[in-house]
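The following explanation leads the reader through a single protein model, beginning with the way its parts meet and ending with a few individual residues. Please keep the sequence and the structure in view while reading.

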Amino acid sequence: MVAQARTEAANPPINLDTGIVEAAEAALGAIGAARTEIGQVIFGQQKVVDLSLITLLAGGHGLLVGVPGLAKTKLVEAMGTVLGLSARRVQFTPDLMPSDILGSEVLDESADGKRHFRFIKGPVFAQLLMADEINRASPRTQSALLQAMQEHHVTIGGERYDLPAPFHVLATQNPIEQEGTYPLPEAQLDRFLLEIDVGYPDREAERRILLETTGASEHVPVQAMTAETLLSTQRLVRRLPVGENVVDAILDLVRSARPGDGDPAVTDKLAWGPGPRASQALTLAARARALVEGRLAPSVDDIAALAAPVLKHRIALTFAARADGETVEGVIAKLVERLG
């Protein structure tokens with residue numbers, strides 16, 4: 001049963017349309033089954049799993065940041081299977097060309113000797129694409145993928161080719177091997193709905209990993225959703241109501257992270273801050289998080305929980321602030337405290 005909207009003082013009740021409640025009832029069973037199934041193969045990373053699901057339910061793309069060996073690739077593979085999406089993986093390297101991702105035209109000759117160009121689709125024509133170590137590719141290749149992420153189509157030889165629906169990219173980035181890499185420009189980082197930090201598992205989770213992944217057999221995830229179910233859930237997310245107090249919290253948080261707009265004690269440490277796209281991302285992600293947790297409307301708690309994933313890659317510190325030991329995470333934590 002779907003939990004009703006909380007009636008705490010900070011989150012006043014919202015009148016809900018009967019159609020939204022019925023759609024949520026139908027969607028939550030599938031979402032719960034998907035979370036459980038992914039949790040059968042990804043141990044000790046429930047927050048990462050939830051944030052990845054939130055990214056897709058909100059209709060966005062995610063950037064997974066973590067050291068090697070933390071099951072980032074396995075997570076994307078499992079999500080493709082469980083959500084019923086056609087999934088592909090591209091290993092980014094410095095010599096990767098845009099055509100290796102988007103596809104290219106080849107010259108064909110028919111039986112009567114006539115020649116014509118035929119387009120061979122690249123791996124970007126998938127519903128879930130894993131861009132592994134995206135910062136290892138050249139800026140030219142990165143921009144080709146990021147344009148496809150934004151426009152949901154590619155243009156080859158003057159012809160437009162639409163990408164499948166839904167279309168999502170989960171890119172990975174290794175934070176410790178920066179030699180020979182091409183960091184994503186800030187404008188391109190902004191295309192990602194969330195930046196998801198993938199940390200080390202705790203001791204008990206690592207014990208489970210040892211016991212369940214080194215034996216003769218391993219759990220194989222099963223499909224819990226379909227692409228059509230995901231699309232209908234994404235439409236539902238956009239219909240969930242957002243209270244005025246939550247809208248105010250989003251605006252207060254995002255605007256307080258802009259130089260010249262927030263408290264100078266904090267913003268003087270910032271070289272630049274988030275634009276309106278961050279507010280949009282917070283609104284969608286908060287709705288999706290509420291649905292994942294069985295609620296019909298987001299709360300201020302959702303904004304606080306999603307502040308770091310939404311803002312981390314949309315804020316830059318000044319050189320002086322970095323020299324003083326300040327971090328983006330620390331600045332965001334101070335901003336969240338001010339939400340009350």
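Between them, domain 1 and domain 2 bury about 2200 Å², and 68% of this area is on carbon and sulfur atoms. On the side of domain 1, the residues that lose the most area to domain 2 are Ile54, Asp190 and Glu195, which together make up 25% of what that side buries. The model under discussion is a predicted one.

The two parts are laid out along the chain as follows. Domain 1 is made of three segments, 18–94 + 125–215 + 223–239, while domain 2 is the segment 241–339. The contact draws 26 residues from domain 1 and 19 residues from domain 2. Taken over C-alpha atoms, the centres of domain 1 and domain 2 are separated by 22 Å.

In a salt bridge of 3.6 Å, N to O, the side chain of lysine 312 meets that of glutamate 195. Glutamate 195 is also one of the residues of domain 1 named above for the area lost to domain 2. Across the interface of domain 1 and domain 2, eight residue pairs are in polar contact, with both residues at pLDDT 80 or more.

Which elements supply the side of domain 1 that touches domain 2? At least two residues each come from α1 (18–39), α2 (46–57), α6 (186–189), β9 (194–197) and α8 (227–239). Of these, α1 gives the most, with six residues.

For the later part of the chain there is a database annotation. An unreviewed UniProt entry lists residues 268–332 as "domain: ChlI/MoxR AAA lid". In the model, the chain over residues 268–332 is 60% helix and 8% strand, and its end C-alpha atoms lie 14 Å apart.

The remaining paragraphs turn to individual residues of domain 1. Arginine 160 is found in strand β7, which spans residues 159–162. Is this residue buried or exposed? Arginine 160 counts as exposed because its relative accessibility is 55%, and the cut-off for that class is over 50%. The side chain of arginine 160 is joined to that of aspartate 162 by a polar contact of 2.8 Å. Leaving aside neighbours within four places in sequence, arginine 160 is in contact with His153, Val154 and Thr155.

Most residues other than glycine have a negative phi, and most peptide bonds are trans. Against that background, the following residues may be inspected in turn.

Alanine 165 and proline 166 are joined by a cis peptide bond, with omega about -5 degrees. Proline 166 lies in the loop between β7 and β8 (168–173).

Glutamate 133 is not a glycine, yet its phi is positive, near 55 degrees. This residue has its place in the loop between β5 (128–132) and α5 (139–151). Glutamate 133 is classed as buried because its relative accessible area is 18%, where the class requires a value under 20%.

Histidine 152 likewise has a positive phi, of about 60 degrees, although it is not a glycine. The loop that holds histidine 152 runs between α5 and β6 (153–156). With a relative accessible area of 33%, histidine 152 is partly exposed.

Conventions: Residues are numbered from 1 along each chain as its sequence is written. This is a predicted model: local features need pLDDT of at least 70, side-chain atom pairs count only at pLDDT 80 or more; totals for chains, interfaces and linings use all residues. Side-chain values use heavy atoms; hydrogens and water are left out. UniProt positions are given in the numbering used here, feature names are shortened, and annotations may be inferred rather than shown by experiment. Helices (H or I, at least four residues) and strands (E, at least two) are DSSP runs, numbered from the N terminus. Buried means under 20% relative accessible area, exposed over 50%, partly exposed in between (1.4 Å probe, protein chains only). Contact means heavy atoms within 4.5 Å. A polar contact is a pair of N or O atoms within 3.5 Å; within protein, one must be able to donate a hydrogen and the other to accept it, and residues adjacent in sequence count only if both atoms are side-chain atoms. Domain bounds come from an automatic or database domain assignment. Buried area is the accessible area (1.4 Å probe) that two parts lose on being put together, summed over both. A salt bridge is a side-chain nitrogen of Lys or Arg within 4 Å of a carboxyl oxygen of Asp or Glu.
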